[in-house]
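Please read the points below alongside the sequence and the coordinates. They are meant as a colleague's note, to be checked one by one.

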Amino acid sequence: MKAKSIKFFSPQQNVSKSEVTKSKPKPAGYISATGKIVFPVAALEELGIEADTTRFKVGTDQGKRKINTVYLIPADGEADTFELVKSGRGYVIPLAIILKQGGVAFDTSKYTFTATPFNYEEGVVGYELALASSEPKPAYTGKPRGRKPKAVEQAG
């Protein structure tokens with residue numbers, strides 16, 4: 001009789017690997033009604049940005065009509081950079097015209113963003129700001145898809 005190949009388990013494999021850990025929320029901010037990207041001081045500290053000295057190149061995804069993501073790349077003393085301006089309890093980058101041209105209707109709806117650091121080039125850490133609107137998605141008004149509902153006969 002042929003020997004069976006059996007896979008054996010160890011006690012370590014029976015331990016749950018997904019332990020419940022509360023992850024910190026990503027640093028966040030919002031876009032003001034006047035078109036300024038607003039960073040609270042706590043978000044800047046969490047990202048490790050020195051607001052008084054850091055200047056940024058601002059960009060978005062190539063070839064997209066609507067701006068969904070804004071990229072901030074730290075740049076030292078280069079031309080075409082934006083600086084953080086102290087405003088109220090946080091810092092802002094005024095981008096009203098760029099956001100308006102990119103289809104961000106900041107004057108009619110509230111936009112928030114979460115900031116995620118990413119490696120842009122060797123030794124340069126950029127920040128990805130993923131925009132999210134507080135407006136609900138519009139109702140789908142296109143052609144209905146799928147099976148038609150069965151006709152319900154009414155007894156009367």
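Strands, in what follows, are DSSP runs of E of at least two residues, and helices are runs of H or I of at least four residues, both numbered from the N terminus. The model is a predicted one, in which local features need pLDDT of at least 70 and side-chain atom pairs count only at pLDDT 80 or more, whereas totals for chains, interfaces and linings use all residues. Residues are numbered from 1 along each chain as its sequence is written, and side-chain values use heavy atoms, with hydrogens and water left out.

1. Gly59 belongs to strand 3, which covers residues 55–60. With a relative accessibility of 30%, Gly59 counts as partly exposed, where buried means under 20% relative accessible area, exposed over 50%, and partly exposed in between (1.4 Å probe, protein chains only). Leaving aside residues up to four places away in sequence, Gly59 touches Thr69, Val70 and Tyr71, a contact being heavy atoms within 4.5 Å. The C-alpha atoms of Gly59 and Val70 are 5.8 Å apart in space, although the two residues are 11 apart in sequence.

2. Aromatic pairs. A search of the whole structure finds three aromatic pairs; rings of Phe, Tyr and Trp (its six-membered ring) pair if their centres lie within 6.5 Å, and planes under 30 degrees apart count as stacked, over 60 as edge-to-face and the rest as tilted. One of them joins Phe39 and Phe113 in an edge-to-face arrangement, at 5.4 Å centre to centre and with 70 degrees between the planes. Because Phe39 lies in strand 2 and Phe113 in strand 8 (residues 111–121), this pair ties together parts that are 74 residues apart in sequence. Both Phe39 and Phe113 are buried.

3. A further aromatic pair, on strand 8. Tyr71 and Phe118 also form an edge-to-face pair, with 5.6 Å between the centres and 75 degrees between the planes. Since Tyr71 lies in strand 4 (residues 69–74) and Phe118 in strand 8, the pair ties together parts that are 47 residues apart in sequence. Phe118 counts as partly exposed, at 22% relative accessibility.

4. Salt bridges. The structure holds two salt bridges, a salt bridge being a side-chain nitrogen of Lys or Arg within 4 Å of a carboxyl oxygen of Asp or Glu. In one of them the side chains of Glu83 and Arg55 meet at 3.3 Å, N to O. Because Glu83 lies in strand 5 (residues 82–83) and Arg55 in strand 3, that pair ties together parts that are 28 residues apart in sequence. Glu83 is partly exposed at 44% relative accessibility, and Arg55 is partly exposed with a relative accessible area of 30%.

5. Lys100 and its partners. The side chain of Lys100 meets that of Asp107 in a salt bridge of 2.8 Å, N to O. The charged end of Lys100 also sits over the ring of Phe106, 5.0 Å from its centre, where the criterion is that NZ of Lys or CZ of Arg is within 6 Å of the ring centre and within 35 degrees of the ring normal. Lys100 counts as partly exposed at 40% relative accessibility, and Asp107 is partly exposed with a relative accessible area of 44%.

6. Ser32 and Phe106. Which residues does Ser32 touch, not counting those up to four places away in sequence? They are Val38 and Phe106. Ser32 is found in the loop between strand 1 (28–31) and strand 2 (36–40), and at 15% relative accessibility Ser32 counts as buried.
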